[in-house]
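Thanks for coming, everyone. Let me put one chain on the screen and walk you through it.

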Amino acid sequence: MADIKKMIEEIKELTVVELNDLVKAIEEEFGVSAAAPVAVAAVAGGAAAPAAEEKTEFKVSIKSVGADKIGAIKAVREFTTLGLGEAKALVESNGVIKENATKEEADKIIARFKEIGAEVVAE
């Protein structure tokens with residue numbers, strides 16, 4: 001049997017594009033859809049979650065690139081394993097830079113993008 005913890009650690013290291021490809025491959029292989037279980041889990045988890053719980057994981061997304069598009073592409077590459085073309089596409093689509101980022105990682109990314117005049121949000 002596969003080592004589940006090792007698999008989870010490997011998944012954590014995937015880029016957004018690689019993770020998207022993995023989800024599509026699993027959906028095709030097993031004939032399932034990731035959308036329905038996620039919606040059900042969100043509804044069930046939302047009712048039971050305590051309101052005072054502090055958020056520990058963040059999704060960091062580009063809100064606006066600003067004037068320095070090339071700087072934004074370089075910054076995306078600093079925080080991801082994306083190639084030049086993928087980083088450019090992410091910047092142009094105001095995509096997600098990093099999912100499941102810690103507070104410290106999110107703060108670093110926000111500070112770096114602020115330096116180049118771009119705006120990112122951590123949700």
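What percentage of the 123 residues of the chain count as buried? The figure is 22%. Buried means under 20% relative accessible area, exposed means over 50%, and partly exposed is in between, with a 1.4 Å probe and protein chains only.

A word on the source. This is a predicted model, where local features need pLDDT of at least 70, side-chain atom pairs count only at pLDDT 80 or more, and totals for chains, interfaces and linings use all residues. Residues are numbered from 1 along each chain as its sequence is written, and side-chain values use heavy atoms, with hydrogens and water left out.

Now the layout. The chain has 6 helices and 3 strands. Both are DSSP runs numbered from the N terminus: helices are H or I with at least four residues, strands are E with at least two. Reading from the N terminus, the order is α-α-α-β-α-α-β-α-β.

Next, the strands. Two strands pair if DSSP finds at least two bridges between them. Strand β1, residues 58-64, pairs with strand β2, residues 96-101, in the antiparallel sense over 3 bridges. β1 also pairs with strand β3, residues 119-122, again antiparallel, over 4 bridges. Look at Val-60. In β3, the bridge partner of Val-60 is Ala-122.

Stay with Lys-98. Is Lys-98 buried or partly exposed? Lys-98 is partly exposed, because its relative accessible area is 24%. Contact here means heavy atoms within 4.5 Å. Leaving aside residues up to four places away in sequence, Lys-98 touches Phe-58, Lys-59, Val-60, Glu-105 and Ile-109. With Glu-105 there is a side-chain to side-chain polar contact at 3.1 Å. A polar contact is a pair of N or O atoms within 3.5 Å; within protein, one must be able to donate a hydrogen and the other to accept it, and residues adjacent in sequence count only if both atoms are side-chain atoms.

Over to the helices. Lys-74 sits in helix α4, residues 69-79. Lys-74 counts as exposed, because its relative accessibility is 55%. Its C-alpha atom is 8.9 Å from that of Lys-88, 14 residues apart along the chain. Ile-4 is in helix α1, residues 4-12. Ile-4 is partly exposed, at 47% relative accessible area.

One last number, on contacts. Take those between residues at least 6 apart in sequence: 65% of them join residues at least 24 apart. Over to you for comments.
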